Amino acid sequence: MKQVLHEMKTDIKMKNVMWTHSNMCNYRCSYCTPNHYAGDIRGPKDYSKMINFLVKWQGNDLLCLDITGGEPTLWPKFQDFCKDYTEAATGPVGITFTSNGARTLRYWKEFDAPIDTIGFSFHPEFASEDHYLNVLEAVQYKGSRIDVYLLAYPKYFDKIQKFYHRLKDSNLKINVQPKIVYDWVNGGGPLESYTDEMLEFCKSQFRKSPYKTITNHRLLLDGKEISVRELKADRLNQWKGWKCKGGHDYLSIKPDGLVYGAECRVF
């Protein structure tokens, strides 16, 4: 019998779907690609087929539905979809989405979709720190876990460090971590301009959110807890030769409607 050298899994069983609902975005980050901001594929006007597909695939299992883009909040039907799928699901569901937080403060104050976790990404080339803080203040008590990802682009690294400590010293009920920026324009590896000190900082985090979510889980490498940021910062995310269960309990759905078993699109 062939020896298994390493095993990576989550500590709870659940199905995962990452749905890239559109390529509409109000930012044009230099480290991003047109796949995420070209604007030629918008969120669907009729999402009934998507709901039917997800309900059938989920069955009675716990589902983590991660909606990304593009910028999900630019889709006029985004909140309606979240409400309708939560109502239609035959098993427990936790909806997660990632936003750049750029919508108006009024939008966020009125936001009432049933969300498990909101991931706010801070992009230093475009984002206003003051607006960002006001948005976080508006949403922190809506019942969703708030995770903030600071895109630690080397060119703006000092700005990211200062903002990290500003958030850490605040009274906001949020979780925050710096995030390594990958060079998606040239193949997807970490930007070569990162120093060891920068990568070490990207392992930093603090947690203040009081909310526990139904999809909250731990990532285990050989039985020991490890975070995604540690995997990336230590460059452990090298999967050549590994067996993958993508497609069994994970799906990736692209803006054009194509369904893959994993984000890598290998199958």
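Let's start at one spot: leaving aside neighbours within four places in sequence, valine 139 is in contact with Trp108, Phe120 and Ile146. Keep in mind that you're looking at a predicted model. Where does valine 139 sit? Its place is in helix H4, which covers residues 129-139. Is valine 139 buried or exposed? With a relative accessible area of 1%, valine 139 counts as buried, because the cut-off for that word is under 20%.

Now hop over to helix H3, where you'll find leucine 105. Leucine 105 is partly exposed, at 27% relative accessibility. Not counting residues up to four places away in sequence, leucine 105 touches His131, Asn134, Val135 and Ala138.

Take the contacts between residues at least 6 apart in sequence: 74% of them join residues at least 24 apart. The chain has 267 residues, 48% of which count as buried, and it contains seven helices and twelve strands.

So what do the strands build? Nine strands make an open sheet with mixed pairing, in the order E8-E7-E6-E5-E4-E3-E2-E11-E12. At the edges stand strand E8 (206-207) and strand E12 (259-260); each has a single partner strand, so one side of each is left without a neighbour in the sheet. In general, strands of a sheet pair through backbone hydrogen bonds, either parallel or antiparallel. For a parallel example, look at E2 and strand E11 (residues 250-253), which are joined by four bridges. Here asparagine 16 stands opposite tyrosine 250 in E11.

Next, see how helices lie on the sheet. Helix H5 (residues 157-168) lies across strands E5, E6, E7 and E8, running at about 160 degrees to E6. Helix H2 lies across E2, E3 and E4, and runs at about 170 degrees to E3.

Let's zoom in on H2, residues 78-88. Which of its residues are buried? They are Phe78, Gln79, Phe81, Cys82 and Tyr85. Look down the axis of H2 and these buried residues fall within an arc of 160 degrees, so they line one face of the helix. What do they pack against? Their partners are strands E2, E3 and E4, along with helices H1 and H3.

On the way from E3 to H2, the chain passes through a loop that holds glycine 70. There's a detail to spot here: the peptide bond from glycine 69 to glycine 70 is cis, with omega near 10 degrees.

Which element gives the most to the lining? That's H1, with three residues.

How values were computed. Residues are numbered from 1 along each chain as its sequence is written. This is a predicted model: local features need pLDDT of at least 70, side-chain atom pairs count only at pLDDT 80 or more; totals for chains, interfaces and linings use all residues. Side-chain values use heavy atoms; hydrogens and water are left out. Buried means under 20% relative accessible area, exposed over 50%, partly exposed in between (1.4 Å probe, protein chains only). Helices (H or I, at least four residues) and strands (E, at least two) are DSSP runs, numbered from the N terminus. The arc is that of the directions from the helix axis to the C-beta atoms. Contact means heavy atoms within 4.5 Å. Two strands pair if DSSP finds at least two bridges between them. Axes are lines fitted to C-alpha atoms, for helices over the stretch in contact, and angles run from 0 to 180 degrees between N-to-C directions.
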